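Open your viewer and get ready to select a few things one after another.

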Amino acid sequence: MHDRMTLDEHMETEAGHIGLDADFVGLISDVAKACHQISTLVRHGALAGNLAADVGTNVQDESQKELDVRANEILIERLDNGGHVLAIASEEMEDTVVFNDSKPRGRYYLVFDPLDGSTNIAVNGPVGTIFSILKAEVGHSGNADEVLQPGTEQLAAGYVLYGTSTEMLVTLGRGVQKFSMNPDDGRFFQTGADIQIAEHTAEFAINGSNRRYWEAPVQRYIDECLAGKDGPRGNDFNTRWVGAMVADVHRCLTRSGIFLYPIDEKTRSKGGRLRLLYEANPMSLIIEQAGGMASTGHGRILEIQPEGLHQRVPVIMGSKKEVERVVDYHSEA
Ligand code: F6P
């Protein structure tokens with residue numbers, strides 16, 4: 001492990017190249033430390049309490065699990081103590097939290113989903129943390145309005161997958177790097193550089209139980225994949241659905257694939273299923289930086305001007321040629 005670069009070393013070098021300050025490096029380091037704590041909690045499972053217990057509902061009226069709440073608290077405590085962010089926004093809280101005490105604060109916002117895929121907690125399945133870093137301009141006070149920046153403005157985006165090992169995939173807009181956590185001391189070491197996603201794929205991830213609610217272009221795309229060798233694609237496709245965006249997108253990134261949570265009749269009134277600021281945007285930046293594509297079906301996710309902290313969007317991302325095909329089907333329709 002000693003000849004591998006640590007996350008902190010990598011960030012210091014990268015931040016120097018693109019002119020980001022010590023607070024930025026400190027912020028990523030705080031996120032990594034919080035994720036080590038969350039990882040430890042996840043690994044302890046039932047020994048750490050009933051992490052899958054329903055403990056309330058969040059602002060979006062979704063059930064909150066014990067682990068959702070504890071992961072959120074871990075991040076908040078780390079970020080507050082670290083002093084590298086002006087304010088944060090989380091899936092689990094209605095508004096931004098502004099750390100406005102006397103301590104000097106870094107000019108950044110961290111927007112995050114502390115625990116993605118929480119229905120997997122009860123079944124010992126993979127879960128994750130997703131984060132996005134945005135700039136806080138001089139004069140900003142940490143209000144929600146200031147955080148409503150399009151995904152193209154992200155300074156960094158990343159996710160941590162708590163799977164058979166704990167890995168962080170992160171981009172500062174100069175490619176995607178992979179770091180693996182050493183469970184003995186929580187340090188992250190680089191285990192992948194400039195990760196690229198293959199242009200073509202024969203694997204897709206979608207919750208097929210929603211088929212009857214999808215729009216025609218998505219039905220067409222999936223039906224053609226399912227028709228396999230004898231269908232218009234002339235090829236057999238494979239399907240996977242873990243039910244945690246981090247795990248499903250990570251698989252696409254690792255061995256090619258397309259991930260879809262499209263608009264459907266069930267979610268139309270809300271704008272989609274997945275949240276723009278702390279799910280779709282960070283994952284889109286990672287996918288684009290790896291050479292893939294991320295679209296709503298009608299346009300680039302990263303260019304959407306957010307209107308609310310918890311805004312939802314349709315998501316189609318992954319291997320470029322397949323996403324292009326789905327977008328074409330939308331245009332044709
Ligand atoms: O945050 C929402 C989420 O848990 C994603 O991680 C995941 O992709 C999706 O919901 C799963 O949705 P469904 O319950 O339809 O399988």
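The largest cavity has a volume of about 30 Å³, where a volume is the space filled by probe spheres set on grid points joined across faces, edges and corners. A cavity is a set of points on a 1 Å grid over the protein atoms alone where a 1.4 Å probe fits but cannot get out. Searching the whole structure turns up one cavity of 30 Å³ or more.

This is a predicted model, in which local features need pLDDT of at least 70, side-chain atom pairs count only at pLDDT 80 or more, and totals for chains, interfaces and linings use all residues. Residues are numbered from 1 along each chain as its sequence is written, and side-chain values use heavy atoms, leaving out hydrogens and water.

Now select the lining, meaning residues with an atom within 4 Å of a point: Val 111, Ser 132, Leu 134, Gln 149, Pro 150, Gly 151, Gln 154, Leu 277 and Asn 281. Strand S6 (127–135) and helix H7 (276–289) each give two or more residues to this lining. Helices (H or I, at least four residues) and strands (E, at least two) are DSSP runs, numbered from the N terminus.

Next, colour the open sheet: eight strands in the order S4-S3-S5-S6-S7-S8-S9-S10, with mixed pairing. Two strands pair if DSSP finds at least two bridges between them. Which strands are at the edges? They are S4 (97–98) and S10 (188–192), each pairing on one side only.

Zoom in on S3 (residues 87–90), which runs antiparallel to S4 and is joined to S4 by two bridges. Click Ala 87 to find its bridge partner in S4, Val 98.

Notes
On a 1 Å grid over the protein atoms alone, a cavity is a set of points where a 1.4 Å probe fits but cannot get out, and a pocket is an open set with protein on both sides within 12 Å along at least five of seven lines; lining residues have an atom within 4 Å of a point.
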